Amino acid sequence: MEIILKYFPDLTERQREQFAQLEELYRVWNAQINVISRKDIDALYERHVLHSLGIAKVIQFRPGTTILDVGTGGGFPGIPLAILFPQAHFHLIDSIGKKIKVVQEVTDALKLPNVVAEKARAEYVERANYEFVLSRAVTRLAPFVDWVRHGISPNSFHELKNGVLCLKGGDLADEISEYKGRVKIFDLNDDFEEEFFETKKVVYVPLSTKN
Ligand SMILES: C[S@@+](CC[C@H](N)C(=O)[O-])C[C@H]1O[C@@H](n2cnc3c(N)ncnc32)[C@H](O)[C@@H]1O
């Protein structure tokens, strides 16, 4: 938990409490439905919570922003971001219902009214609803963009125009080649000094029809 305060020292009391609750909630739910590997749960804040908050080093979501987290699993990156941006609206989907059950239980316990969790496949999300679509560890960029392109709304309210933001690692050269000139890559190591992330990049592809 200290690591979250180190990088996000301006949290409100309520946000601190919500972040602090995560460890116990995930320990309880992970024992019933596995959404985080056993070794990772001991490093929940470093490997999952702070990593998810890496998106906040790239963009500060304004109140009212609509965001879709695809393949959220146990709620990453959506739940930590929903705590950080309580006035933005987060729709968390996963194709596996039992993972969504964990997300629902955790968000209910945290009393996060800005989260809707749903068992759904990315390919069938509603049209033009979201300013940003997020993912962490779901699939390669090209199929991901194909899945969600139709879900991006045409209106932009941020300097970073509507599009996808994916937490990724490895050699991205091949994956991003077809988006050359448009894609932006942000390195989390520029923001967080610890070297504990396997996936160290935020890949951004603008997809607004008005761009
Ligand atoms: C490796 S897990 C990552 C979970 C979470 N994002 C995280 O970083 O901890 C990938 C997740 O994507 C989900 N998924 C894969 N394809 C999907 C699709 N087409 N639509 C929705 N969810 C999908 C899987 O069910 C799985 O929970």
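Okay, let's start with helix α4, which runs from residue 44 to 53 and is mostly covered: seven of its 10 residues are buried. Keep in mind that this is a predicted model. Which residues of α4 are the buried ones? They are Tyr-45, His-48, Val-49, Leu-50, His-51, Ser-52 and Leu-53. And what do those buried residues pack against? On the helix side, there's α1 (2-7), α2 (13-32), α3 (38-41) and α5 (78-84). On the strand side, they pack against β4 (132-136) and β5 (163-168).

You'll find Phe-76 in the loop between β1 (66-70) and α5. Pro-77 lies in that loop between β1 and α5 too. Have a look at the peptide bond from Phe-76 to Pro-77 on your screen: it's cis, with omega near 10 degrees.

Phe-76 also shows up in a database record. UniProt, in an unreviewed entry, puts the feature "binding site" at Gly-71, Phe-76, Ala-122, Glu-123 and Arg-136. Let's take Glu-123 from that list. Glu-123 is in the loop between β3 (115-119) and β4. Is Glu-123 buried, exposed or partly exposed? Glu-123 has 13 C-beta neighbours inside 10 Å, so it counts as partly exposed.

On to the ligand. There are 17 residues around the ligand, and the ones that come nearest are Gly-71, Gly-73, Ser-95, Ala-122 and Arg-136. Sort the shell by class and you get seven nonpolar, five polar and five charged residues.

Lys-111 has a phi near 55 degrees, which is a positive value in a residue other than glycine. Lys-111 sits in the loop between α6 (97-110) and β3, and it counts as exposed because it has 9 C-beta neighbours inside 10 Å. Ala-137 also has a positive phi, near 55 degrees, and again it's a residue other than glycine. Look for Ala-137 in the loop between β4 and α7 (141-148). With 15 C-beta neighbours inside 10 Å, Ala-137 counts as partly exposed.

Let's zoom out to the whole protein chain. How many helices and strands does the chain have? Eight helices and seven strands. The C-alpha atoms fill a box of roughly 40 × 35 × 30 Å along the principal axes. For 211 residues, a compact globule would have a radius of gyration near 17 Å, and the chain has 16 Å, so the two agree. Of those 211 residues, 40% count as buried. As for contacts with a separation of 6 or more, 68% of them come from residues 24 or more positions apart.

Last thing: confidence. The chain averages a pLDDT of 92, and 95% of the residues score at least 70. For the complex, the predictor gives an ipTM of 0.99 and a pTM of 0.96. One reading tip: where pLDDT is low, the predicted coordinates should not be read in detail. Okay, that's me done.

Key: Residues numbered from 1 in each chain as written. Predicted model: local features only at pLDDT ≥ 70, side-chain atom pairs only at ≥ 80, totals over all residues. Buried ≥ 20, exposed ≤ 12 C-beta atoms within 10 Å, placed from the backbone. Helix = DSSP H or I, 4+ residues; strand = E, 2+ residues; numbered from the N terminus. Contact = placed C-beta atoms within 7 Å. UniProt positions renumbered as here; feature names shortened; annotations may be inferred. Near = placed C-beta within 6 Å. Nonpolar A, V, L, I, M, F, W, Y, C, P; charged D, E, K, R; others polar. Rg over C-alpha atoms; globule rule 2.2 N^0.38 Å. pLDDT = per-residue confidence, 0-100.
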